[in-house]
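Biologist: Please put the model on screen. I would like to go through its packing, one question at a time.

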Amino acid sequence: MDADEMRRRFASASLARLGSVRPDGRPHLVPICFTLDGDTIVSAVDDKPKRTMQLRRLDNVRAYPAVSLLVDHYDDDWTQLWWVRVDGTARVLEAGTARARAIDLLAAKYAQYRALRPEGPVLEIAVEAWRGWSAR
């Protein structure tokens, strides 16, 4: 799979899994909504039910900003299998124009965000590497 195809498949996905590292070194994996903007990926803490808007993933990124995101497709027909992984460096945006632009980009992709714009922090991930595999 070439770089353009990895980007296309990644960008068209509705859900990614974000892997970050806890301050104690253990991995932390969560599903996220996201959008791709050039070589940047953004994801917001949205209004789905949570105990707090200050999530572990935010603390993890503040302590250790290296992250990975995975998008994949499974099918019982194994000739249809594929995955794309992005490795990058993340930062937390609490306010400002970059955060507002990220919310606009997310709202363009997700109807739920157009109806109820996320008010929480945004993760901004600078893509450093694309990796992928496809059965075809």
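Biologist: Leaving aside its neighbours within four places in sequence, which residues is Phe10 in contact with?

Modeller: First, the ground rules. This is a predicted model, where local features need pLDDT of at least 70, side-chain atom pairs count only at pLDDT 80 or more, and totals for chains, interfaces and linings use all residues. Residues are numbered from 1 along each chain as its sequence is written, and side-chain values use heavy atoms, without hydrogens and water. With contact meaning heavy atoms within 4.5 Å, Phe10 touches Phe34, Ile41, Leu69, Val71, Val84, Val86 and Trp130.

Biologist: Is Phe10 buried or exposed?

Modeller: Buried means under 20% relative accessible area, exposed over 50%, and partly exposed in between (1.4 Å probe, protein chains only). Phe10 has a relative accessible area of 0%, so the class is buried.

Biologist: Why does the pair of Phe10 and Trp130 get its class?

Modeller: Rings of Phe, Tyr and Trp (its six-membered ring) pair if their centres lie within 6.5 Å; planes under 30 degrees apart are stacked, over 60 edge-to-face, the rest tilted. Here the centres are 5.5 Å apart. The planes stand at 90°, so the pair is edge-to-face.

Biologist: Which parts of the chain does that pair link?

Modeller: Helices (H or I, at least four residues) and strands (E, at least two) are DSSP runs, numbered from the N terminus. The two residues are 120 apart in the chain. Phe10 sits in helix H1 and Trp130 in strand E7.

Biologist: And the rings of Tyr110 and Tyr113: what kind of pair are they?

Modeller: Tyr110 is buried at 8% relative accessibility, and Tyr113 is buried at 5%. Their ring centres are 5.4 Å apart and their planes at 55°, so the pair is tilted.

Biologist: Which strands stand at the edges of the sheet?

Modeller: Two strands pair if DSSP finds at least two bridges between them. The open sheet has seven strands in the order E2-E1-E5-E6-E7-E4-E3, with antiparallel pairing. Each edge strand has a single partner, so one side of each lacks a neighbour in the sheet: these are E2 (27–32) and E3 (35–37).
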